[in-house]
Structure formats: structure tokens, C-alpha cells
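I am opening a notebook on this structure. The entries below record what I looked up.

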Amino acid sequence: MIKVLHVDDEPALVEITKAFLEKSGEFNVTTFTSAVDAVADLGNNSYDVLISDYEMPEMDGIEFLKQLRSMGIDTPFIIFSGRGREDVLIEAINNGADFYLQKGGKPKAQFAELENMIRQSVSRKRAEHELKKSEERYRAVVESQTELICRFLPDGTIIFANDAFCNYYHRKCESLIGEKLDHDVPVEELGDLQRHFTSLTPDNPVGDIEHRVILPNGEVRWQQWSDRAIFNDSGKLIEYQSVGRDVTQQKLMQIDLQEKVNYVQALMDTMPAPVFYRDTNGIYHDCNRAFEELVGLPKDEIIGKTIHDFFEKDFADHYAKRDQEIVENPHVQQYEYAANNSKGEIIDVLFSKTARFAADGTVDGIVGVIVDISDRKKMERELKKEFNYVQALMDTVPAPVFYRDTDGVYHDCNRAFEELVELSKDEIIGKTIHDFFNKDLADYYSMMDRKIVENPHVQRYEYAINNSRGEIIDVLFSKTARFAADGNVDGIVGVIMDISDRKKMERELVEEINFVQALKDTIPAPVFYRDVQGIYHDCNLAFEELVGLSKDEIIGKTIHDFFNKDLADAYTRKDQEIIKNPHVQQYEYAINNSKGEIIDVLFSKTALFKADGSVSGVVGVILDISDRKKMEKQLMESELRLRTLADFTYDWESWIGPDGNYIYISPSCERITGYPVKDFYDSPYDALQKIVYPEDWNLVYNHYNSISEEKQDIVQFDFRIINKNGDIRWISHNCQPVYDSEGRWAGRREAKRDITFRKKIEEELSKANAKLNLLSSVTRHDVLNQVTALYGYIEVTRDLYEEYDELNVLLSKMEAIMGTIQHQISFTKDYQEIGIDNPVWHHLGETINGAALMLNLNGILLRIDTNDYEVFADPLFDKVVYNLVENSLRHGGGEISEIRFSVDEAEGVFVLVYEDDGKGISYENKDKILIKGFGENTGYGLFLTENILSITGMRIHECGVPCEGVRFEIAIPKDRIRKKI
């Protein structure tokens, strides 16, 4: 059984609805005549469907719906109302209503439609519940994945991201949803990425891609993605689903492996000695260029051949035998032998070979180097000569040079080193570091030596040492590893550079920098230096005061951290002009200081160059010119006061030249806008943008942007401005082209008129129409509710007594009458759309006399003390007078002898007073008499009176004394009353 809750302020309607719905036994209906009571019930009970009227006291149907949704109650909601306006339907649907059904018509058909809506709502809700459970299961599976999973729209907007995706980018998932994908992909890979997504089609919706991405912290990572494009039934792309993983480690390993392969190949090719790799069968698989030269063949003709293809049989047999020794007992094998080269010459060579291992640890071949040692003997003879040369060269180096082994024992040095320790080379050789330097220094040198031995590299560091005279001097150590013939590190070679003079210069430089900083800080104007990215690197005290931060808080920040976006963007553009074309740049601008004040300043900036001549950044000085600007403004205002005598016009007249700048502006501009004319001379667009109402700016901007010599038409449009006092004013703009005496186009003449009063009247008329429409719709709604209930009771009666023909005849006649009533009421909806006449001026005396003629005063004295006043009011104003007098005649009692109209004025406020000397109105009823439906008759007279008056801003209230008569006071705005013209 489906549980239904129905709310309607008409008891008869909820009863008939309950009867119809429960008749089938499918529904159980609970009813309330108040939405407030229904809200309280829903705090304890739940239902499958909620039905509600729209217009109800205390809380209407839309407010009821909003209250439920704010409480988290998402039960299907149906609006069942006699109010059929489109705006009500839209508001109901926008706030979560599932269906909207208008009351009226045949009950059986209407309630059958209501039953169908209930069933659809319940079915849809249950389907949504099952879908939600399915989505929750899907989400649980997706969230548990370690892969990066996301879904996004074709424009890049993220609609889902799992925890792994969010954690990878160090973002909260809820902050990512709705944002655009902001993967920073290297520029060179953007084309591949775009082609990848373009290649996904309904026939081929899945594709893989691998690319780099730059994370927010600047780190570059490799990612591998599998993307699926999702299309609707018509083949339109609706979203993408992507599953990715970080493959940086694998990619780096691949790159590293390839680089090592390339490095090995390059190393082999740069080696002058022949290098080869052959398998255990003596078949060649690789070699270098030197080997190609040795055998006189290119690598392609070597690969796949054997030793015997290149060397004589005796040589080849010997090489194969020695190879077999390595295969059987892997080791490094070195031996000298004779070989024949490509020229047929026999040369002495040194073979250095070892085993190459397969992945399973077995020997799969031999790697060897063939070193030509024919000249070695000759070299040995010349080696001593070369050694003497090297020693002489070392001794000419003015810096100490040394060589010590891995145990720190000295094996060689030059004369400068002898002078450093004041010992001869013979006394140095065989000694250790600790023999020449104190323990702390020697221990430190030993530690640094070990780093080179463990990881050979060029090592440079500054340190303080003691020389032979016991003086501490600053030196630069430059050391590297010396390698033995077997490739192992056998010692350290080093040079000790005396940098005492350089250190002294550095200290002097620091002092110079301190002097420059002190000099900058004495400059009263802010000084700054920022790089080409707009990042601050230096500033003075005045700049710190300008932004209200210390230098430490400024350095590393950008322009956008201290100034609002518009100002910062402008500064950046100006900086880029200097960077692209170095020059001294000066311009005036308004900025905000640390106090939040806008000050006028003069920027004076130029480029700072690097040593290589390129621009490293911008150096600037900010001069406060607020006082100068103030003086200029005062001078302009003085000039305007003088010109007012000659140029006075009421409307805002102006002449804008062909270049878009104003040639003339009348002083009325300032009267209307509150801003000086100078603002419009200096920057027409900025000044207009400052005053034009934001929603009207596009209209104004497009007009001025389209001004040209070809545009010869007269243009008229209305727009709003916000004057200096914050008031919104309506302006009527008229302009036309002007030409000089020779017929040349000279721009456009403009006239701007303040039409705020006219617009205000039009707005109030619109409000008046809305109120009258409301009155019509409220009346129609109430009547239609009753008609709907009567229809229901007629239908129930017919079902209960269908065998009584005479009764059915009467019911049919009643139904016909109800149809006529319903038709007439429905007609009022069309009637209310008919336009209402504009307000007019009414002469009070004539209007009162005219209304009195339509009533029988029965000898009651009518006094009219309104002088010659006229009021600006709706054409139905005579109905106001009629209702007041008719109300006195109907409810004032038989003792009324006098009725009086008068006008009171006090401090510019006008009040139209109506009084009688009848029984008056009790205090408890004073606040109710203007409410629709209150009273002994129709209850609409005074309600209509109040609404007619409110159309033109008038307000009515009753302040008479009970038993002494009524006193109605009508407050009239001062611009709605005047003396007769």
C-alpha cells in the first residue's frame, strides 16, 4: 500500500481527495489543512508521496517544499493547485517538485491523473534508490583501486575522481569536482594528447597514451592512461573515463637503460682500441669502429662471422683456445700476441678479455679489447722524457700540487707544495697528511679524500689551512681521483689555490652591498627589483612600508600578492614592455597602500641586465604624486566653476571627437553623476565604466565602441548610472554625428537627460499591475478551490445514488451551473492580462463630489476642505472615495450627521483625511479592516482601496476614536500632489 500525505487549507477538498484515492484500496491517505502541522508530522512519520496545495496561509506549497528539502526529506512531491501560472510551475520544479497538477475539470479524470502521478513518483523513487545503491557499490570498487581513476566532460570538467587520483595530486576530492583538468603537460606533448582524444570515436572508443605531466610542485612524472570516450545514442560525445598509473620509475629505467646503451656504444666508438663481443662459438655479435678498421670491414659484414674469417688459422686457433679458457673458468684474461691487420701487417697487440654473462648467470660470450702495443717500447723510452716534462710543468704551477694514495701517503708534489710545508720532496714522499697539518684539518682532508675514492668525481671546496709559517690562509681545494691501469682508484691528485685575496674581496663586496642597501633605505620613495617573472628579489624600507610587510615576507612573492588583480595585471604588462624593449619607463597610476588607501603615484622603471647582456628583471622607483594630483584636481574644479557661468545647461551635453576623447562636456555632467568633468576628459571609458550600472555596461560599451565616421544615424537608448552618492539614476542618451564647416566628420554630439522620475513612475505602474493581478488570482484561486470540492461531492453523490434518476438530473443541472461559474472565473485570468491605464491627476473636490452623487446621503452633511489640490493616482481613485463614504453609510450607524474630507500639510508631508461622526471602529478591528475578506459584507472594499492607493505610493490607515467616528489618513508622497494648474 502506498502511503500518501495531502495538505490543503480547504477541508472539503482534502476530504474528497482522500475519498477518491482510498476507494481503490491501493492508497492510504493522511490529510492536513496546515503545512506547518504537516512539517511537524514528517519529523516523526514517513510517506511514499506528498501532495500539497500552492496558496495556503502561514506557509504556501513552495515554502513547504523548501522546508522539507532543507530537512533532508527527498520524498516525491506533487503540487495540486488551482494556481496555473507558468512562473509557479517553474518555481515548483526548480525547488524539487516531481509533478504539477492544476485543479478544476472533471473529478474522475483529474483524480485518475493524480493517481497516475503518485504511482510514477513512487516507481521513479524506488528506481533512483536502486540506482544509488548500484552507484555506491560501483564507487566502493573504484575508490579501492590503486590506479588513478577519473571521469570528465568534453570541456575538461571533472565529475568524478577516486581517492588514488585525489591523493596523487594532493587534493581533496570534493574540491576537484566541478573543476577543469589542469594537468600541466609539456608543450611538445600537447599535440599528441589532442590527437589521442580526437582519435576516440564510437567505433573505436578506447585508446592508450603515455605522456609526461608537471605536478604543482614542479616535479615531472610519467603517466600511462587508458581512456574511454562515452557517446550517447546519437553518437554525441558526453564524457570520458580514464584509468591511469604512474610509470615514472619504469620510464626512467627505460630511459636510463637506453642512455647507458647509447653511452656504451659511444664509448666503444670513441675508443681507439678495437673492441668486440663474440659468443662461445666464436661468432661476432658486436664491435666498435676501431675493430672495423682492424679487419677492414663494416660492422654489418662482421656480425655473424667467426674468428677464422678475419685472422690466419694459427692466430684464430690460438684466440679460440684462449676464449675457451675464459668460458670454462670466467676471469679477466690479458696477454700479448701478434695479429694481422686489414693491411696484412703483423702488429703486436695486448688482448684484454673477460666473460659476458647471460641473465641466468651462464657465460654467453667473450668481450675483449685489442690494444696495439707496437709503439709501447718506443713510448717507454720516451716516458722518462715525458715524466721529466710533467714534473717541470708541475713545478711551474704556482699553486701547490700533490698526489697521495688512498691511505693518504704522499707520492709526488711540486715545488709550491714543498714551500707550503717547508720540506723537500724527499722529506715529503712517504709521509701522510697528519705529518704536515694539525689533526682537525688532516682528519677533514682524509674524510673528503674518502668521498672521492668511494665515488670518483671532481671535488672542490673552500677551507682554511695553516702554512709553513703557522698562518691560517683561505684556500680552494680542487681534487679528483687518479686511476690505476686496472681502472681502480689508486690515489688523489689535488691542487691547492690560495684564495685569501678573493675572500678579502668578497668581504669588501658584502660591505659594498650593505652600503648600497643603506643608501636605498635612505631614499624616501619605494624602490624595488623583481625578475622577469614578476618575483621580488630586493626592496628598500619605503617599499616595506608601502605594502606593510618586511623584506623577508616580500622576497619571493609576486606583484599579485600585494596589489589587486587589475593593478597587478597592469604592472605586469608594463614590465613586459621593458623586458621586450629595454628603456626607461615612466607612467602615472593609482595603487593601494598598506592602509588600503588608493594613492596616485609615478612609476619610474628600467631594465636590469645580466652579465651576458640579457634582461634579468626590472628596477623601479614609486613616487607619491597624490598631492600633485590633488592640486590638479582642485585647479580643474576651479576652472569648472568659472566655466559654469558660460556653459550652463540643464542636460548633460558633450561632444566626443573622432579619436574617442571628449572635446567638450557641460558642467551638468557633475550635477547628474556627482563626478568632476575632468574624469571624463582624462579617461572617457574608465569614467563611464565607473558610473554605469554593471548590468547596462555592455549596452554603453558597445555603443561607444561602434562610433565611426560611417555611423551617421541618430542613436537613442536608456541606461542606469550610480552617482557619487550611491543613488541609481536613469539616463536617456541621444547622440548624432556632427561635421565641421568643410563637411568633415567631427565626432558626435551627445545629450544625456535624467529620466529617473519617469522610470520610477513606470516601475510603480508595473508594481500596481502586479498587485491587481495578485488580487484577481487570489480571488480566482479561492473560488476554484470551492468549485473543485463541489465537483467532487457531486461525483460522490452520483456514485452513491446512481439509481435515482431525478436526483441525477438535479446533479447534472448543478454540474452545469458549476461549469458556468468555473468558466466565468477562468475568464478573469485572461481579463487580468489586459493593460491597466496609467495614473492621472485627479482634482480632489471634483472627484469627491462625483462619488457622492452615486450614493444616497440621506441628509448627511458632506464637507470638502481640500482647497484646490490635485493628486496623481490610478483612474480608480474615485472608487477609493466611493468605498470610504459607502463604508460609513453601511457601518457607521444611524447617528452619522457629517462626513468630511480635508488636506493637512506639515513639514512637506501631505495627508488626505476622511472623517465621520458615526460609531467608529473598535481597537481590536483597526488592524483587520484592510485585510481581504474581513467585514460584514464582501470584505473587499477597503482591501481594494488600499491596493488602488498603493499603485502610486500612497498609504492609508485608520486612527479614529471608537464611538466618536472614523478617521482615515492617506499619506501622499510630495511629488504626487499639487495645486490645480
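Before the first entry I note the rule for patches: they are made of residues with over 30% relative accessible area and no salt bridge, with like charges joined within 9 Å and nonpolar side chains (Val, Leu, Ile, Met, Phe, Trp, Tyr) within 5 Å. Accessible areas come from the Shrake-Rupley method with a 1.4 Å probe, and for residues only the protein chains shown count as cover. A salt bridge is a side-chain nitrogen of Lys or Arg within 4 Å of a carboxyl oxygen of Asp or Glu.

The model is predicted, with local features needing pLDDT of at least 70, side-chain atom pairs counting only at pLDDT 80 or more, and totals for chains, interfaces and linings using all residues. Residues are numbered from 1 along each chain as its sequence is written, and side-chain values use heavy atoms, without hydrogens and water.

Entry one. I found a nonpolar surface patch of Tyr263, Val264 and Leu267, with about 290 Å² of accessible area together. Val264 lies in helix α9 (residues 248-270); helices are DSSP runs of H or I of at least four residues, strands are runs of E of at least two, and both are numbered from the N terminus. Val264 is partly exposed at 42% relative accessible area, where buried means under 20%, exposed over 50% and partly exposed in between.

Entry two. I looked up phi at Glu58 and found a positive value near 70° in a residue other than glycine. Most residues other than glycine have a negative phi. Glu58 sits in the loop between β3 (49-52) and α3 (61-70) and is exposed, at 68% relative accessibility.

Key:
Buried < 20%, exposed > 50% of the residue type's maximum accessible area, 1.4 Å probe, protein only.
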